[in-house]
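Q: Could you walk me through this model, starting with the packing and then going on to the charged pairs and the surface?

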Amino acid sequence: KWVHVAVDAVLVSTFLAGVKRTTGLQPAVSRIQNKEIRGYVESYLNIGEYVLDTAIVIMNNSPYFERK
C-alpha cells in the first residue's frame, strides 16, 4: 500500500513539473509561511522535475520516439 501511495505522489509531482514546463504555471510555494514545510514541498516538486528530465532523456535515446 505504501508503495502505491509513493508512486502516486511521484506521478502527481511529475504531472505538476510538466504543467510548469508547458504553461509556466506552478504551485505558489512562496506563500507557504513555514520554512520547513516549504522546504519539503520544494523537495517534493523537485522529484517530479527529476523524473520528467529522466523520462525525456530515456525517450530521446529510444528509437520508439521521434520529434515532430
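This is a predicted model: local features need pLDDT of at least 70, side-chain atom pairs count only at pLDDT 80 or more; totals for chains, interfaces and linings use all residues.

Q: Which residues are buried in H2?
A: In H2, the buried residues are Leu45, Gly48, Glu49 and Leu52, where buried means under 20% relative accessible area, exposed over 50%, and partly exposed in between, with a 1.4 Å probe and protein chains only. Residues are numbered from 1 along each chain as its sequence is written, and side-chain values use heavy atoms, with hydrogens and water left out.

Q: Why would residues three or four places apart point the same way?
A: An α-helix has 3.6 residues a turn, so residues at that spacing point the same way.

Q: And what do the buried residues of H2 pack against?
A: They pack against H1, with contact taken as heavy atoms within 4.5 Å.

Q: Which residues does Ser13 touch, then?
A: Ser13, which lies in helix H1, is in contact with Tyr44, Leu45, Ile47 and Gly48, leaving aside its neighbours within four places in sequence. Ser13 counts as buried, at 1% relative accessibility. The C-alpha atoms of Ser13 and Leu45 are separated by 5.5 Å, although the two residues are 32 residues apart along the chain.

Q: OK, and Glu49, what is that one in contact with?
A: Once neighbours within four places in sequence are set aside, Glu49 is in contact with Ala17, Lys20 and Arg21. Glu49 has a relative accessible area of 16% and is buried.

Q: How many salt bridges are there?
A: The count comes to 4 salt bridges, by the rule that a side-chain nitrogen of Lys or Arg lies within 4 Å of a carboxyl oxygen of Asp or Glu. One of them joins Glu49 to Lys20, with the closest N and O atoms 3.7 Å apart. Glu49 lies in helix H2 (residues 35-60) and Lys20 in helix H1 (residues 2-23), so this pair ties together parts that are 29 residues apart in sequence. Lys20 itself is partly exposed, with a relative accessible area of 37%.

Q: What about Arg21, which residues does that pair with?
A: The side chains of Arg21 and Glu49 meet in a salt bridge at 2.9 Å, N to O. Because Arg21 lies in helix H1 and Glu49 in helix H2, that pair ties together parts 28 residues apart in sequence. Arg21 also forms a salt bridge with Asp53, where the closest N and O atoms are 2.5 Å apart, and this pair again links distant parts of the chain, with Asp53 in helix H2 and Arg21 in helix H1, 32 residues apart. Arg21 is partly exposed at 41% relative accessibility, and Asp53 is partly exposed with a relative accessible area of 36%.

Q: Which residues end up in the network of salt bridges?
A: Lys20, Arg21, Glu49 and Asp53 are linked in that network.

Q: Switching topic: how many residues does H2 have, and what distance does it reach?
A: H2 has 26 residues and reaches 37 Å from its first C-alpha to its last, which is close to the expected 38 Å, the expected span being 1.5 Å times one less than the number of residues.

Q: What about the loop, where is Ile32 and is that residue buried or partly exposed?
A: Ile32 is found in the loop between H1 and H2 and is partly exposed, with a relative accessible area of 25%. Apart from its neighbours within four places in sequence, Ile32 is in contact with Ile37, Arg38 and Val41.

Q: How far apart in space are Ile32 and Tyr64?
A: They are 41 Å apart, C-alpha to C-alpha, and 32 residues apart in sequence. Tyr64 is found in the segment after H2 and is exposed, with a relative accessible area of 75%.

Conventions
Helices (H or I, at least four residues) and strands (E, at least two) are DSSP runs, numbered from the N terminus.
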